[in-house]
Amino acid sequence: MIKLQHVIGLPVLELHSGKQVGHVKDAWFDEHWQLTGIVLDAGRRFFTAMKSVLWTDVVKCGDDAVLIASETAVSHAGKADVHRSFHNGPVRLKDLMVVTTDGEQLGRVSDVYFSDLQGTQIVGYELTDGFIADIMDGRKWLPVPKDPDTVMLGNDAIIVPAGSELLLEPVAASDSDIGRNV
């Protein structure tokens, strides 16, 4: 599994030349919250355009670098193009509350997991109840229900089926490497 927070900050390298084209700054998603691409550090041109790479152009997401086939995969996207993102877009996945259809809040998204490089569908959420609760009880992991139609990924909340609280699992300190392509 890939843990998105482990990808952020990794260098992005061109596979055949080894040239570094940037670092992963963020990830952006489509209207169905499927991973669409990565946003690279902007450098001096932050206010005009962002450098981005479509997720389909990523050859490998490893422990220490993200590899792309060619530097031509890097394009410029305006802020309006990246509507849903993990950290910085107008609609952010990080810190979205997760609520059951019974109205029970399970926590807020602190990270997301993907099955592998090709599977861009989110397979689980790491949830937090805040700093103190994280220290006292730890974070929780919620697998995404098998039927994606039972999850409503909105602009202000993620609504999951009633009973999802029974699927919550603790995220142990030893699980901090989940998603590091283990």
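Modeller: Let us begin with the charged pairs: the structure holds five salt bridges. This is a predicted model, in which local features need pLDDT of at least 70, side-chain atom pairs count only at pLDDT 80 or more, and totals for chains, interfaces and linings use all residues. Residues are numbered from 1 along each chain as its sequence is written, and side-chain values use heavy atoms, with hydrogens and water left out.

Biologist: What makes Glu126 and Lys3 a salt bridge?

Modeller: The term requires a side-chain nitrogen of Lys or Arg within 4 Å of a carboxyl oxygen of Asp or Glu. In the pair of Glu126 and Lys3, the closest N and O atoms are 3.2 Å apart, and the pair is a salt bridge. Glu126 belongs to strand β13 (residues 122-128) and Lys3 to strand β1 (residues 2-3), so the pair ties together parts that are 123 residues apart in sequence. Helices (H or I, at least four residues) and strands (E, at least two) are DSSP runs, numbered from the N terminus. Lys3 and Glu126 are also linked with Arg139 in a network of salt bridges.

Biologist: Are Glu126 and Lys3 buried or exposed?

Modeller: Buried means under 20% relative accessible area, exposed means over 50%, and partly exposed lies in between (1.4 Å probe, protein chains only). Glu126 has a relative accessible area of 4% and is therefore buried. Lys3, at 8%, counts as buried too.

Biologist: Why are Arg92 and Asp95 called partly exposed?

Modeller: Arg92 has 36% relative accessibility and therefore counts as partly exposed. Asp95, at 32%, is likewise partly exposed. The side chains of Arg92 and Asp95 meet in a salt bridge, with 3.3 Å from N to O.

Biologist: How do you know that Lys140 forms a salt bridge with Asp129?

Modeller: The closest N and O atoms of Lys140 and Asp129 are 2.6 Å apart, and the pair forms a salt bridge. Lys140 lies in strand β14 and Asp129 in the loop between β13 and α2, so the pair ties together parts that are eleven residues apart in sequence. The side chains of Lys140 and Asp129 are also joined by a polar contact of 2.6 Å. For that term, a pair of N or O atoms must lie within 3.5 Å; within protein, one must be able to donate a hydrogen and the other to accept it, and residues adjacent in sequence count only if both atoms are side-chain atoms.

Biologist: Why is Lys140 called buried?

Modeller: Its relative accessible area is 19%, so Lys140 is buried. Leaving aside neighbours within four places in sequence, Lys140 is in contact with residues including Leu106, Tyr125, Leu168 and Val171. Contact means heavy atoms within 4.5 Å.

Biologist: What makes strand β4 largely enclosed by the rest of the structure?

Modeller: Strand β4 (residues 35-40) has six residues, and five of the six are buried, so the strand is largely enclosed.

Biologist: How many bridges pair β4 with strand β3, and how many with strand β5?

Modeller: Two strands pair if DSSP finds at least two bridges between them. Strand β3 (residues 20-29) and β4 have five bridges and pair in the antiparallel sense. Val24 stands opposite Leu40 in β4. The hairpin of β3 and β4 has five residues between the strands, and there Trp33 takes a positive phi near 60°. Strand β5 (residues 50-54) pairs with β4 in the antiparallel sense over three bridges. Ile38 has Val53 in β5 as its bridge partner.

Biologist: Why does Ile132 count as exposed?

Modeller: Ile132 has 59% relative accessibility and therefore counts as exposed. Ile132 is found in helix α2 (residues 131-137).

Biologist: What is the place of Leu4, and why is Leu4 called buried?

Modeller: Leu4 lies in helix α1 (residues 4-7). Leu4 has a relative accessible area of 3% and is therefore buried. Leu4 and Tyr113 are 109 residues apart in sequence, yet their C-alpha atoms are 6.2 Å apart in space. Not counting residues up to four places away in sequence, Leu4 touches several residues, among them Ala27, Phe86 and Phe114.

Biologist: How many helices and strands does the protein have, and what share of its residues is buried?

Modeller: The secondary structure comes to two helices and 17 strands. Of the 182 residues in the protein, 43% are buried.
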